[in-house]
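Subject: Structure handover and notes

Dear colleague,

Please find the structure below, followed by my notes on what was found in it. I would be glad if you could read the two side by side.

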Amino acid sequence: ILDLLGKSQCDEFKGKSVTREAVQDRPLILESLGLGPGDFGFKAIKIAVVKNRHKLIWREPGYENTCLKGDNYLYDIFEDPTESDNLYEDNRYADVVSELEMIAKQRCAELRIRNC
């Protein structure tokens, strides 16, 4: 956001610009607890992982608002920029799903350790 505004980064910020650096080799991770209070004890964490041309939207199972496997999404954001064709269940993308889910699950575990 700072790059987009033309501002310099403060030393306290640990994030990296996604507009200035090549990001193809590292994933972009977005996380959310959804609407309402951010209560890590009772809500599933939702994580989006964008790497290269694919975007996975993954929902943590096992909480009150648990989402089932079918509620996860995989998109080819180059071929499908409007994200209308869910490739999650397509076996041709099993390796991509596996890689991105591993990243999402690792991030989810980090968030749980820090916040519970």
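Is Glu83 buried, partly exposed or exposed? Glu83 is partly exposed, with a relative accessible area of 26%, where buried means under 20% relative accessible area, exposed means over 50%, and partly exposed lies in between (1.4 Å probe, protein chains only). Glu83 sits in the loop between E4 and H2, and although this residue is not a glycine, it has a positive phi of about 50°.

Before the rest, a word on conventions. This is a predicted model, in which local features need pLDDT of at least 70 and side-chain atom pairs count only at pLDDT 80 or more, whereas totals for chains, interfaces and linings use all residues. Residues are numbered from 1 along each chain as its sequence is written, and side-chain values use heavy atoms, with hydrogens and water left out.

Overall picture and confidence

The secondary structure of the protein chain comes to 2 helices and 4 strands, where helices (H or I, at least four residues) and strands (E, at least two) are DSSP runs numbered from the N terminus. Along the sequence these elements follow the pattern α-β-β-β-β-α. The chain has 116 residues, of which 32% count as buried, and it exposes about 8,200 Å², with carbon and sulfur atoms supplying 53% of that area; the areas come from the Shrake-Rupley method with a 1.4 Å probe, and for residues only the protein chains shown count as cover. If contact is taken as heavy atoms within 4.5 Å, then among contacts between residues at least 6 apart in sequence, 32% join residues at least 24 apart.

As for pLDDT, the predictor's confidence in each residue from 0 to 100, the mean for the protein chain is 79, and 70% of its residues reach 70 or more.

Charged side chains

Side chains of opposite charge can pair when their charged atoms come close. With a salt bridge defined as a side-chain nitrogen of Lys or Arg within 4 Å of a carboxyl oxygen of Asp or Glu, the count comes to 7.

One of these joins Glu99 and Lys51, with 2.6 Å from N to O. Because Glu99 lies in helix H2 (residues 94–115) and Lys51 in strand E2 (residues 46–51), this pair ties together parts that are 48 residues apart in sequence. Glu99 is partly exposed at 34% relative accessibility, while Lys51 is buried at 17%.

Arg53 forms another salt bridge, with Asp76, the closest N and O atoms being 2.8 Å apart. Since Arg53 lies in the loop between E2 and strand E3 (54–59) and Asp76 in strand E4 (residues 73–76), the pair ties together parts that are 23 residues apart in sequence. Here Arg53 is partly exposed, with a relative accessible area of 27%, and Asp76 is buried at 8%.

In the salt bridge between Arg92 and Asp90, the closest N and O atoms are 2.6 Å apart; Arg92 is exposed at 68% relative accessible area, and Asp90 is partly exposed at 21%.

Arg59 belongs to strand E3, and a polar atom of the Arg59 side chain lies 3.1 Å from the backbone oxygen of Asp71.

Two loop residues

Tyr93 is found in the loop between E4 and H2. Leaving aside neighbours within four places in sequence, Tyr93 is in contact with His54, Leu74 and Leu87; Tyr93 and Leu74 are 19 residues apart in sequence and 8.6 Å apart in space, C-alpha to C-alpha.

Asn52, in the loop between E2 and E3, has a phi near 55°, a positive value in a residue other than glycine, and counts as partly exposed at 43% relative accessibility.

Methods:
A polar contact is a pair of N or O atoms within 3.5 Å; within protein, one must be able to donate a hydrogen and the other to accept it, and residues adjacent in sequence count only if both atoms are side-chain atoms.
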